[in-house]
Amino acid sequence: PDKSGPVQISCDNLQQGCQLPNGSTLRVDSAPRHSQPFNILIDKAAQAPSAEFSMADMDMGFNRYRFVAASSGWQARVTLPVCVTGSQSWLMDIELDQQRYRIAFKAL
């Protein structure tokens, strides 16, 4: 794995899907909302990916999810906590086939 940190991925619409550098597509089944579960889907991976959620400059506790095999690849069911500051800006770090990717997004 690369020691310089995760590769930053720009993703304008998580529901439409985002292309990752390894050829996989990551998408969510509904807009991420605080305290409401949503699914993250990744279509290609040699082994189970994981996702970790954090906020810049704010400790949000342990928010790590492991994906399970699904009919269209891999899936994780995620519930984001509400930030006491009201911030909606999240960082999603995906670990996928020995590589780390970071996607910044806003929850509703």
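In what order do the elements of the chain run from the N terminus on? They run β-β-β-β-β-β-β-β-β-β. The model is predicted: local features need pLDDT of at least 70, side-chain atom pairs count only at pLDDT 80 or more, and totals for chains, interfaces and linings use all residues. Residues are numbered from 1 along each chain as its sequence is written, and side-chain values use heavy atoms, with hydrogens and water left out.

**Figure 1. The whole chain.** The chain holds ten strands and zero helices. Both kinds of element are DSSP runs numbered from the N terminus: a helix is H or I with at least four residues, a strand is E with at least two. The C-alpha atoms fill a box of roughly 40 × 30 × 25 Å, taken along the principal axes. The chain has a radius of gyration of 13 Å, which agrees with the value near 13 Å for a compact globule with 108 residues. This radius is taken over C-alpha atoms, and the globule rule is 2.2 Å times the number of residues to the power 0.38.

Figure 2. Of the 108 residues in the chain, 38% are buried. Buried means under 20% relative accessible area, exposed means over 50%, and partly exposed lies in between (1.4 Å probe, protein chains only). The chain exposes about 6100 Å², and carbon and sulfur atoms supply 48% of it. These areas come from the Shrake-Rupley method with a 1.4 Å probe; for residues, only the protein chains shown count as cover. There are 10 positive and 10 negative side chains, and the centres of the two sets lie 4 Å apart. Lys and Arg count as positive, Asp and Glu as negative, while His and the chain ends are not counted. A charge is placed at NZ of Lys, CZ of Arg, CG of Asp or CD of Glu.

Figure 3. A disulfide joins Cys11 to Cys18, with an S to S distance of 1.5 Å. The term covers a pair of cysteine sulfur atoms within 2.5 Å, and by this rule the count comes to one disulfide. In general, a disulfide is a covalent bond between the sulfur atoms of two cysteines. Cys11 and Cys18 are both buried. Cys83 is also buried, with a relative accessible area of 4%.

**Figure 4. Pro21 in a loop.** Pro21 is found between strand E2 (18–19) and strand E3 (25–28). Is Pro21 buried or exposed? Pro21 counts as exposed because its relative accessibility is 56%. Not counting residues up to four places away in sequence, Pro21 touches Ile9 and Tyr101. Contact here means heavy atoms within 4.5 Å. Lys106 is 85 residues from Pro21 along the chain, and their C-alpha atoms are separated by 22 Å.

**Figure 5. Two residues with positive phi.** Most residues other than glycine have a negative phi. Ser35, which is not a glycine, has a positive phi of about 65 degrees. Ser35 is found in the loop between E3 and strand E4 (38–42), and at 47% relative accessibility Ser35 counts as partly exposed. Gln98 has a positive phi near 70 degrees. Gln98 is found in the loop between strand E9 (89–96) and strand E10 (99–106), and is partly exposed at 48% relative accessible area.

**Figure 6. Asp93 and its contacts.** Asp93 lies in strand E9 and counts as buried at 8% relative accessibility. Leaving aside neighbours within four places in sequence, Asp93 is in contact with Pro6, Ser50, Ala51, Glu52, Arg100, Tyr101 and Arg102. Asp57 is 36 residues from Asp93 in sequence and 15 Å away in space, C-alpha to C-alpha.

**Figure 7. Thr79 and Ser87.** Thr79 is found in the loop between strand E8 (73–78) and E9, and Ser87 is found in the loop between E8 and E9. Thr79 counts as partly exposed at 36% relative accessibility; Ser87 is partly exposed at 26%. Which residues does Thr79 contact, leaving aside neighbours within four places in sequence? They are Ser35, Gln36, Pro37 and Tyr65. Ser87 touches His34 and Met55, not counting residues up to four places away in sequence. The C-alpha atoms of Ser87 and Lys106, 19 residues apart along the chain, are separated by 8.8 Å.
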